[in-house]
Amino acid sequence: MTFAELQRRGEAGLIPFLTVGFPDVQSTLELVPALVEGGADLIELGVPFSDPLADGATIQHAGQVALQQGVTLATCLDVVRTLRSKGITVPLLLMGYYNPLLQYADAVRPAPQGR
């Protein structure tokens, strides 16, 4: 929807990136509304990962700081929930590696029922 609207208006979109939890979670909760107020059309939220081989030095550092503070995928989802509860309506895109997503899915999936 956002891309279609931007195309209809003949505009480019502004999509800033933040690593959730860098420099801390509270800062993420304050920076996202500021980015929206500054004109962000979508916001990409980085999910920290312990082995970010495909990321550059800056994102690797931000992820390490967030991980040292205990930020997990569950934390990232809580941040999204909190932002939505505060009225943030722009699309929020989680960017991360497959491994944490798979581990999270396994952790929240109900155990199979015995026969």
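Ile-88 is in contact (heavy atoms within 4.5 Å) with Val-32, Pro-33, Val-36 and Leu-83, residues up to four places away in sequence not being counted. The model is predicted, so to speak of local features requires pLDDT of at least 70 and side-chain atom pairs count only at pLDDT 80 or more, while totals for chains, interfaces and linings use all residues. Residues are numbered from 1 along each chain as its sequence is written, and side-chain values rest on heavy atoms, with hydrogens and water left out.

Ile-88 also belongs to the largest nonpolar core, which has 18 residues. Such a core is a set of buried Ala, Val, Leu, Ile, Met, Phe, Trp, Tyr and Cys residues joined through side-chain atoms within 4.5 Å, buried meaning under 20% relative accessible area with a 1.4 Å probe, protein chains only. Val-20, Val-32, Ile-43, Leu-45, Leu-83, Ile-88 and Leu-92 touch the most other members. At least two residues each come from α2 (25-37), β2 and α4, and α4 gives the largest share, five residues. Helices (H or I, at least four residues) and strands (E, at least two) are DSSP runs, numbered from the N terminus.

Turning to the sheet, three strands form an open arrangement in the order β1-β2-β3, with parallel pairing; strands pair if DSSP finds at least two bridges between them. β1 (17-19) and β3 (92-95) each have a single partner strand, so one side of each lacks a neighbour in the sheet. Neighbouring strands are turned by 30° against each other on average, direction ignored. Helix α4 (residues 73-85) packs on this sheet, touching β2 and β3, and its direction makes about 175° with that of β3; axes are lines fitted to C-alpha atoms, for helices over the stretch in contact, and angles run from 0 to 180 degrees between N-to-C directions.

Conventions. Buried < 20%, exposed > 50% of the residue type's maximum accessible area, 1.4 Å probe, protein only.
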